[in-house]
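Thank you all for making time this morning. Please have the sequence and the model open beside you while I talk through a few of the features.

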Amino acid sequence: MIERENHQVLIPDGNVVLHEGDYISVIVPPDRMKALFSSIGIESRMIHDVIIAGGGRLAYYLASKLLRSRIQVRIIENNRARCDELSELLPKAMIIYGDATNTELLKEEGLENADAFVSLTGLDEENVMLGCYAARVSRAKVVTKINKITYGGIMDSFDVGSIVSPRHLTTELISQYVRCMQNSMGSAVEAVYRMVDNKVEALEFSVKKGAKVLDMPLAEMKLKDNLLLCSIVRRGKMILPSGQDRIQAGDTVIVVTTHKGLDEIEDILA
């Protein structure tokens, strides 16, 4: 998928040419990600040390998962009672009572050498400021929480790393639930993920016997424009399809498209 500076979204085919300033999204098997980053000159490194600004529920759940992966976690929280509570809930994490917007405190806690920094305070403006600061003074992977979906493209002008919106994630989960309910009533869509301000959908289809797309080389299929068949999952193994691959009954097929309302695998055909 390609997103241009004018917010135009393209699902690429063999004729699309990349332009300077394009944002591209790719699908890569996990075991090939490091090789991909290396080939295009992007440095990747393991995360061992994470600083979290804010000690709310999101911080607790994130820290819990990180600690299970043996990642060191430091949480900076400005409410003393919450610090005491987090100390009991997360005995393996370091809980720091203080103001995360205090740059001296961030330096003392080693922000400049941290592998990742996540701003999860209750104020969007504070999170944006912290994300910008962390991106400027460190090489950490920066993740910034914002609640107001209406900020939209405004955030593109800020260097705040990856942006996470709890409200947007909630909308995604509701959409997935609705599609699963439709699946129980005959739709073949197992999951749906919306991207780029809902302009693009990634759909996961379950392929049943008798489908019109079976046993046909992909090169011979006439697919809709602005639609890309990204991968085929067969008996737990992911296949990045070539023109000679064929869809079989029982496969799971992942499709990315700008078209809305696709319910059956046959809907990908022109």
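This is a predicted model: local features need pLDDT of at least 70, side-chain atom pairs count only at pLDDT 80 or more; totals for chains, interfaces and linings use all residues.

Let me begin with a question: in what order do the 5 strands of the open sheet with antiparallel pairing stand? The order is E10-E11-E14-E12-E13, where strands are DSSP runs of E with at least two residues, helices are runs of H or I with at least four, and both are numbered from the N terminus. Two strands are taken to pair if DSSP finds at least two bridges between them. At the edges stand strand E10 (189-195) and strand E13 (237-239), each of which pairs on one side only, and from one strand to the next the twist averages 20°, with axes fitted as lines to C-alpha atoms and angles running from 0 to 180 degrees between N-to-C directions.

Residues are numbered from 1 along each chain as its sequence is written, and side-chain values use heavy atoms, with hydrogens and water left out.

As for confidence, pLDDT is the predictor's own figure for each residue, from 0 to 100; its mean over the chain is 84, and 88% of the residues reach 70 or more. Among the elements of the chain, the lowest mean pLDDT, 58, belongs to helix H6 (residues 166-184), and the highest, 97, to strand E5 (residues 72-77).

Returning to the sheet, strand E11 (residues 200-206) and strand E14 (residues 252-257) pair in the antiparallel sense over 6 bridges, and Leu203 stands opposite Val255 in E14.

Leaving aside neighbours within four places in sequence, Leu228 is in contact (heavy atoms within 4.5 Å) with Ile11, Pro12, Ile254, Val255 and Val256. Ile11 and Leu228 are 217 residues apart in sequence, yet 6.5 Å apart in space, C-alpha to C-alpha. Is Leu228 buried, exposed or partly exposed? Its relative accessibility is 31%, so Leu228 counts as partly exposed, the class between buried (under 20%) and exposed (over 50%), with a 1.4 Å probe and protein chains only.

There is also an open sheet of 3 strands, in the order E2-E1-E3, with antiparallel pairing. Strand E2 (9-10) and strand E3 (23-24) each have a single partner strand, so one side of each is left without a neighbour in the sheet.
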